[in-house]
Amino acid sequence: MTTTSNIVYIIEDDADGRLATQMLLELSGWKVTAFVSAEEFLAAFADLQPGCLLIDYRMPGMSGMQLVQLLRERGVHWPVVMLSGHAEPPTIEAALAAGVSEFLLKPVISADLRNSVRRQFDAHFAKASRD
C-alpha cells in the first residue's frame, strides 16, 4: 500500500518564493521539502514518499510542464498544483489537460495556497489512508 505523510514538495527556482511558500506550509502543519529545479527533484525522486507537488511553471532548464509530462509518462500521478506569475488561459487549460490538479497565479493568497494543498490531500490521498 502506498501512503503519504502529508508531504509537500516545492519545485521553485526563485529562492524567496520557495522559502516563503515552505514557511507558510510548515506553519500550517505540512512536512515540506523544497527543490531549486525539476532536475534536482528528479535526482531525489527515488527516495521520496508520495506527496503533493507545488511546481513553478517557468524555470530554467526543465520547465514545470515538462516535469509534469515526464512524471505522467513514468506513471506517477501525485497531485500537482502549478504556480505561475505569467500564464494566459490557453496555458492554464493545457496544464489542466496534462494532469495538473490546480493552477494558481502568483502572487498567491496564503489561504488559497493552503486550501489548494488541503484539497489535493483530501482528493488524492484519502482513499489510500482508508485502504
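This is a predicted model: local features need pLDDT of at least 70, side-chain atom pairs count only at pLDDT 80 or more; totals for chains, interfaces and linings use all residues.

Q: What makes E3 a partner of both E1 and E4?
A: The cut-off is again at least two bridges. E3 is joined to E1 by four bridges in the parallel sense, with Tyr9 standing opposite Leu53, and E3 is also paired with strand E4 (residues 80–84) over four bridges, likewise parallel, where Leu53 stands opposite Val80.

Q: Which helices complete right-handed β-α-β units with these strands?
A: Helix H1 (residues 15–27) makes such a unit with E1 and E2, and helix H3 (residues 64–73) makes one with E3 and E4.

Q: Why is strand E3 described as covered on both faces?
A: In a regular strand the side chains alternate between the two faces of the sheet. In E3 (residues 52–56), Cys52, Leu54 and Asp56 lie on one side and Leu53 and Ile55 on the other, and all are buried. Five of the five residues of the strand are buried, so neither side is left uncovered.

Q: What makes helix H3 mostly covered, and what covers its buried residues?
A: Seven of the ten residues of H3 are buried, among them Met65, Leu67 and Arg72. The elements that cover these buried residues include E1, helix H2 (38–44), E3, E4 and helix H4 (89–97). After the helix comes Gly75, whose phi is positive, near 85°.

Q: Why is Arg18 called buried, and how do you know that it has no salt bridge?
A: Arg18, which is in helix H1, has a relative accessibility of 17%, and because the limit for buried is under 20%, Arg18 falls within that class. A salt bridge needs a side-chain nitrogen of Lys or Arg within 4 Å of a carboxyl oxygen of Asp or Glu, whereas the nearest side chain of opposite charge, that of Glu12, is 6.1 Å from Arg18. The contacts of Arg18, leaving aside residues up to four places away in sequence, are Ile10, Glu12, Asp13, Ala34, Phe35 and Val36.

Q: What makes Ser116 buried, and which side chain does it meet in a polar contact?
A: Ser116 is in helix H5 (residues 110–130), and its relative accessibility of 0% is under the 20% limit, so Ser116 counts as buried. Its side chain and that of Glu102 are joined by a polar contact of 3.1 Å, which lies within the 3.5 Å cut-off. Besides Glu102, Ser116 touches Val81 and Leu104, not counting residues up to four places away in sequence.

Q: How do you know that Lys106 forms salt bridges, and what makes a network of them?
A: The cut-off is within 4 Å, and the N to O distance is 2.8 Å for Lys106 and Glu12. This pair links distant parts of the chain, 94 residues apart, with Lys106 in the loop between E5 and H5 and Glu12 in the loop between E1 and H1. For Lys106 and Asp56 the N to O distance is 3.0 Å, and these two residues, the latter in strand E3, are 50 residues apart. Lys106 is partly exposed at 31%, while Glu12 is buried at 5% and Asp56 is buried at 6%. Salt bridges that share partners join Glu12, Asp56 and Lys106 into one network.

Terms used. Residues are numbered from 1 along each chain as its sequence is written. Side-chain values use heavy atoms; hydrogens and water are left out. A crossover is right-handed if, with the strands pointing away from the viewer, the path from the first strand over the helix to the second runs clockwise. Buried means under 20% relative accessible area, exposed over 50%, partly exposed in between (1.4 Å probe, protein chains only). Contact means heavy atoms within 4.5 Å. A polar contact is a pair of N or O atoms within 3.5 Å; within protein, one must be able to donate a hydrogen and the other to accept it, and residues adjacent in sequence count only if both atoms are side-chain atoms. Lys and Arg count as positive and Asp and Glu as negative; His and the chain ends are not counted.
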